[in-house]
Amino acid sequence: MYIKEIKINSFKSFADKININLDSNFTGIVGPNGSGKSNIVDAIKWVLGEQSVKTLRASSGMSDVIFSGSKSRNPSNTASVSITFDNSDNSLPSNYNEVTIRRVVSRSGENEYYLNNEKCRLKDINDLLVDSFSSRESFNIIPQNKIEEILSDKPEERRVIFEEAAGVLKYKRRKEEALKKLSRTHENVDRINMIIDELSTQIEPLESASKKAIIYKENKEKLESVDIALMVKDITNFNETLKIKEADKEKYTLELAESSKLSIKKDAEIEKLKLEGIKFEELISSLRDEH
Ligand code: ATP
């Protein structure tokens, strides 16, 4: 993988659009002091997602990277940089043979990233570059003052720097992520332990309440079945008494009817005797009259 092309427009000292076409044999850019060599490095860091204003040698904010004007030129309102990687060796996890990253910033504060002309997030760019040793934190980008530092460092410190450049960074990132996950897991375990502690204090009273509830339920069921049995017995008794009373009623009704018949008969006999009595009295009084 190598950088094929860099396009800079209104970034820092580059008021006009410039295209730097590079090929795999490209070695370096030379020029007098202050001609903009470091601005090209800044442009590369910036397009790869650099967020530190200090690292980009800007003074107050990200909009400082936009061309600020000169005696003969007005300031620009936006700056953009795009970098194209040749990816024919598939170093970048992308299906394309060429990968272009573009970043645009405006004075109003808008900041946009594009991957092969499609708008994307900074995270997408970080994810793309993290495995390819091309991320902005990687030592592949070594600023001027760093070279001196590297040369004067002790061999073991130098080794650390070269190990970084050799691609240790991605493992460092993964280790950091794993450590973050581990710490989150520890936090979760602590939280769960706290919950378990809290719940375990409630277990004993809950157990006793649960036993009481079971006994209450059993007794309630027993009471219900006893109530039902009692009701059944009451109903059976009542039915039997009802039958006896109905039989009694029938018997007494018959007896009543018999007594009524007898009473009517007796009444008729009394009437007959009364009539005979009257006749007898009339006979006596007529016999008295004759004497
Ligand atoms: P050195 O050799 O000292 O590193 P250099 O060739 O790398 O120099 P740079 O430091 O890249 O040069 O460029 C510095 C120039 O860029 C300065 O003249 C500075 O005024 C100009 N510059 C920086 N930011 C802006 C900006 N936003 N707008 C216009 N010019 C800018």
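Reply: Leaving aside residues up to four places away in sequence, Ser10 touches Ala15, Val65, Ile66, Phe67, Ser76, Thr78 and Ala79, where contact means heavy atoms within 4.5 Å. This is a predicted model, in which local features need pLDDT of at least 70 and side-chain atom pairs count only at pLDDT 80 or more, while totals for chains, interfaces and linings use all residues. Residues are numbered from 1 along each chain as its sequence is written, and side-chain values use heavy atoms, with hydrogens and water left out.

Ser10 itself sits in the loop between β1 (2-9) and β2 (18-21), the strands (E, at least two residues) and helices (H or I, at least four) being DSSP runs numbered from the N terminus. Because its relative accessibility is 8%, Ser10 counts as buried; the classes are buried under 20% relative accessible area, exposed over 50% and partly exposed in between (1.4 Å probe, protein chains only).

Turning to the ligand, 16 residues surround it, and the closest are Gly34, Ser38, Asn39, Asp64 and Ser68, a residue being near if one of its heavy atoms lies within 4 Å. This shell divides into three nonpolar, nine polar and four charged residues, with Gly placed among the polar ones. Helix α1 (residues 37-47) supplies the largest share of the shell, three residues.

In helix α2 (residues 122-129), the buried residues are Ile125, Leu128 and Leu129. These residues lie on the same side of α2, because they cover an arc of only 85° around the axis, taken from the directions from the helix axis to the C-beta atoms. An α-helix has 3.6 residues a turn, so residues three or four places apart point the same way. The buried residues of α2 pack against β3 (78-86), β4 (98-106), β5 (111-115) and β6 (118-120).
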